[in-house]
Amino acid sequence: GQQLNQSPQSMFIQEGEDVSMNCTSSSIFNTWLWYKQDPGEGPVLLIALYKAGELTSNGRLTAQFGITRKDSFLNISASIPSDVGIYFCAGQRGVGGATNKLIFGTGTLLAVQP
Amino acid sequence: SQTIHQWPATLVQPVGSPLSLECTVEGTSNPNLYWYRQAAGRGLQLLFYSVGIGQISSEVPQNLSASRPQDRQFILSSKKLLLSDSGFYLCAWNKVAGQQETQYFGPGTRLLVL
């Protein structure tokens, strides 16, 4: 199925560094969602964005809904070891309805060295 | 508050055996429900979605089927498992609040077919 372009594919950083990852699409989305997945667990929602240009924070995480509605980025400041995991972006074109499905990014694997 | 459960957490099955994975949602009514498969920790593939009891839409042809016998219960089944059915199966539900829609995932079921 269709996937969003998510980059980078993986990141290996030192504890305390800032992290930035992004997703781009050729289509317009009305919603951008960012998830984190730990090994063996389901993805956990980090941030939800519903309006173009919206900038939302959740602790050390900040995400923005691109003004063109075709991209979004996620920043993590001052990374810590528990930030390790796979981060997924997901876009949704509409609201409600039977066919309003999420389109997922390919994931960014984050490794943090203490 | 809403919660989503999946059962079992882990399953090892021989090739050719039947399968039944269960997903239940609490604290909401008439949710859209989804089954995903994730291979090798990356890339979520949508398998089925349901907008109501008895209403199932299939995204990809495969060896699996889904059913929704109750409003908050979604079941993934197979009559005869294949080796290629191994993977991490995730159930999800959509929360809709006005124009804002967010998808939440269950903890997942790890299936290994031998």
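Ser79(A) is buried, with a relative accessible area of 1%, where buried stands for under 20%, exposed for over 50% and partly exposed for the range in between (1.4 Å probe, protein chains only). The model is predicted, so local features need pLDDT of at least 70 and side-chain atom pairs count only at pLDDT 80 or more, whereas totals for chains, interfaces and linings use all residues. Residues are numbered from 1 along each chain as its sequence is written, chains are lettered from A and ligands numbered from 1 in the order in which they are written, and side-chain values use heavy atoms, with hydrogens and water left out.

View 1. Apart from neighbours within four places in sequence, the contacts of Ser79(A) include Ile13(A), Gln14(A), Arg60(A) and Val112(A), a contact being heavy atoms within 4.5 Å.

**View 2. His5(B) in strand S1 of chain B.** His5(B) belongs to the strand that spans residues 3-7 and counts as partly exposed, at 35% relative accessibility. The side chain of His5(B) makes a polar contact with the side chain of Thr3(B) at 3.3 Å; such a contact is a pair of N or O atoms within 3.5 Å, of which, within protein, one must be able to donate a hydrogen and the other to accept it, and residues adjacent in sequence count only if both atoms are side-chain atoms. Not counting residues up to four places away in sequence, His5(B) touches Glu22(B), Cys23(B), Thr24(B), Glu26(B) and Pro107(B).

**View 3. A nonpolar surface patch on chain B.** Val12(B), Leu112(B) and Leu114(B) make a patch of about 280 Å², for which residues need over 30% relative accessible area and no salt bridge, nonpolar side chains (Val, Leu, Ile, Met, Phe, Trp, Tyr) being joined within 5 Å and like charges within 9 Å. A salt bridge is a side-chain nitrogen of Lys or Arg within 4 Å of a carboxyl oxygen of Asp or Glu, and accessible areas come from the Shrake-Rupley method with a 1.4 Å probe, only the protein chains shown counting as cover for residues. Leu112(B) lies in strand S11 (residues 109-113) and is partly exposed, with a relative accessible area of 39%.

Conventions
Helices (H or I, at least four residues) and strands (E, at least two) are DSSP runs, numbered from the N terminus.
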